[in-house]
Amino acid sequence: MPFIPVLHAELIKIRTLRSLVGSLAAVVLVTAAFSALASASPDRNDPDPLFSAFFGVSFGQIAAIAFGATAVAAEFRGGALRLTLAATPDRPRWFAAKATAIALPALAVGLLTGAVTLLAGKAVLGAEGPSWAQGLRGAVGCGLQLTLMALFSAGLTAVLRSGVATLSILVPFLLIVSFVIGDMSSGIADFLPDRAGQVVLHSTWDGPLGPWSGLAVCALWTAAALLAGAWTVTRRDA
Amino acid sequence: MTSIDVRDLTKEYGARRAVDHLTFTVRPGRVTGFLGPNGAGKSTTMRLVLGLDRPTSGTATVGGRAYAELPEPLRRVGALLDAGAAHGSRTARDHLRALAASNRIPPTRVDAVLEQTGLAEVARRRVGTYSLGMRQRLGIAVALLGDPEVILLDEPANGLDPEGIVWIRSLLRGLAADGRTVLVSSHLMNETAALADHLVILGRGRLLADTPVQEFIDARVQPEVRVRSSDAGALGDLLARHGHDATRHEDGAWTVRHTRAEDLGRLLSEAGVPVLELAAREGTLEQAYLDLTAAEAEFTAQPQEV
């Protein structure tokens, strides 16, 4: 069974659910809005020009997580997965198509978010803003980080077979745990998926991870979640 | 020729055995009714045929191949399992478009099945606004989407209005007449009797019967004749004299078992008993089914004391 038709079907499914289109729109709006707010009142004590511009990603990623979780969770209601797997019995291939169908729009929207946020940040911050080279790194990193978080959430949803369960784990974790542990800023916390992935949004960093190695760690988390999701989908009765 | 072959199929969920060494074949060109009480294993068997659940042992194949090995399976096998499978926020048309794309079914089929199932007018409305009957029609549209040779429908009459039931009856009969293989599960006897040619009956996961509908009824239910005369006394005497197994009703009519209307009519005419009513009463699938399950209950009942 070829991959492209399955991917096509999964892209149609994403395009035709308003909640998914809405959460993608929210990624751009929330990130840009919170970034603009943060840029307008930058932290004078610890100025990090790049992170001042990309501060909103911490909030925008919640929309990205909602996107990934909702896209997969839609399969776990009302016997939808049975219908999907009756059409595509090759389960690993189906899950790969699902992940790709989540990644493609998430990356496109993520990069758009990066570009909008950078432009807004530079406009508001002016001379205090990041350099273009740094800003470009941040914008690309923003797109990749948001995509990875959407996929991480998608994998976790396949494991838990529920979007509500996934969001009630991830959202408090990102909003609370990561912020609290983040301030202690050392050791294990640096290797959590969102912390590691956000190093790329900073002008300077003092942890063990740099921008690209941080994204690589985030990608490892994501790969682990997706593999666990694929394993669950393949092993369990639909 | 595409048959569904179930061979020694067993499925256990923990300690519960939902399907128990089941063997039967569903042949093309006729409607096979899949009967049994709720929980008998009908839906589980269908999921096993579709490769959705993994059998504990045994095999289920379609046209000699496991479902999962079929390339673009919707073009070979169409199934209705849950009417709730379509996402409530999506339109019926988009739901069908995605499924069609996955199996490279031409988009023209989407409009064709919407037309065929009477959903063309509401195709651009969100499924969440549909009645149960409309969702059921959408599920049937999905089953027909790939123009498959094999069709499996789990309780398709659920939620359909009387008009819908008549519609699905003629639809399924037409599909079988085209030479397709049609398996329809139900727990409704009259509905199944009206549309099936052949029966596969399950009870507690085991095969109880695999037989043509008429043979099943004839073997299990004795036909009866209802007769009424203006001379009730003469009629009673006559029946008694010929040793008929007959019961008298309050309205003066008699039900005579183990005889045919032709034979009883001749007898009455020769005896000169005036006849007001003489009617053959064919056995129904329901009677035959209850007879079968009663026998089955007796057979499986465990002695209470040792």
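**A walk through the model**

Guide: Let's begin with a charge and a ring: the charged end of Arg137(B) sits over the ring of Trp167(B), 4.7 Å from its centre. Keep in mind that this is a predicted model.

Visitor: And in chain A, what does the charged end of Lys122(A) sit over?

Guide: The ring of Trp132(A), with 4.4 Å to the ring's centre.

Visitor: OK, rings then. How many aromatic pairs are there over all chains?

Guide: Six. Take Phe55(A) and Phe59(A): their ring centres are 5.8 Å apart and the planes are at 55°, so that pair is tilted. Trp94(A) and Phe95(A) have centres 6.1 Å apart and planes at 55°, so they make a tilted pair too.

Visitor: Are Trp94(A) and Phe95(A) buried or exposed?

Guide: Both are buried. Phe55(A), on the other hand, counts as partly exposed, at 28% relative accessibility.

Visitor: Switching topics: what's the strand order in the open sheet of chain B?

Guide: The six strands go β5-β6-β7-β3-β8-β9, with mixed pairing. β5 (77–80) and β9 (206–212) of chain B are at the edges with a single partner strand each, so one side of each has no neighbour in the sheet. From one strand to the next, the twist averages 15°.

Visitor: In which sense do β6 and β7 of chain B pair?

Guide: Parallel, over five bridges. As an example, Asp154(B) has Ser185(B) in β7(B) as its bridge partner.

Visitor: Which strands does helix α4 of chain B lie across?

Guide: Helix α4 (residues 132–144) lies across β5 and β6 of chain B, at about 165° to β5(B). Helix α1 (residues 42–49) of chain B lies across β3, β6, β7 and β8, and runs at about 145° to β6(B).

Visitor: One more helix. Which residues of α9 in chain B are buried?

Guide: Ala261(B), Leu264(B), Gly265(B), Leu267(B) and Leu268(B). Looking down the axis of α9(B), they fall within an arc of 165°, so they line one face. An α-helix has 3.6 residues a turn, so residues three or four places apart point the same way.

Visitor: What's on the face turned away from that buried side of α9(B)?

Guide: The exposed residues Ser269(B) and Glu270(B).

Visitor: And what covers the buried residues of α9(B)?

Guide: The cover includes β10, α8, β12 and β13 of chain B. Just past α9(B), Gly272(B) has a positive phi of about 70°.

Methods. Residues numbered from 1 in each chain as written. Chains lettered and ligands numbered in written order. Predicted model: local features only at pLDDT ≥ 70, side-chain atom pairs only at ≥ 80, totals over all residues. Heavy atoms only, no water. Buried < 20%, exposed > 50% of the residue type's maximum accessible area, 1.4 Å probe, protein only. Helix = DSSP H or I, 4+ residues; strand = E, 2+ residues; numbered from the N terminus. Arc of directions from axis to C-beta. Contact = heavy atoms within 4.5 Å. Pairing = 2+ DSSP bridges. Axes fitted to C-alpha atoms, helices over the stretch in contact; angles between N-to-C directions. Phe/Tyr/Trp six-rings, centres within 6.5 Å; stacked < 30°, edge-to-face > 60°. Lys NZ or Arg CZ within 6 Å of the ring centre and 35° of its normal.
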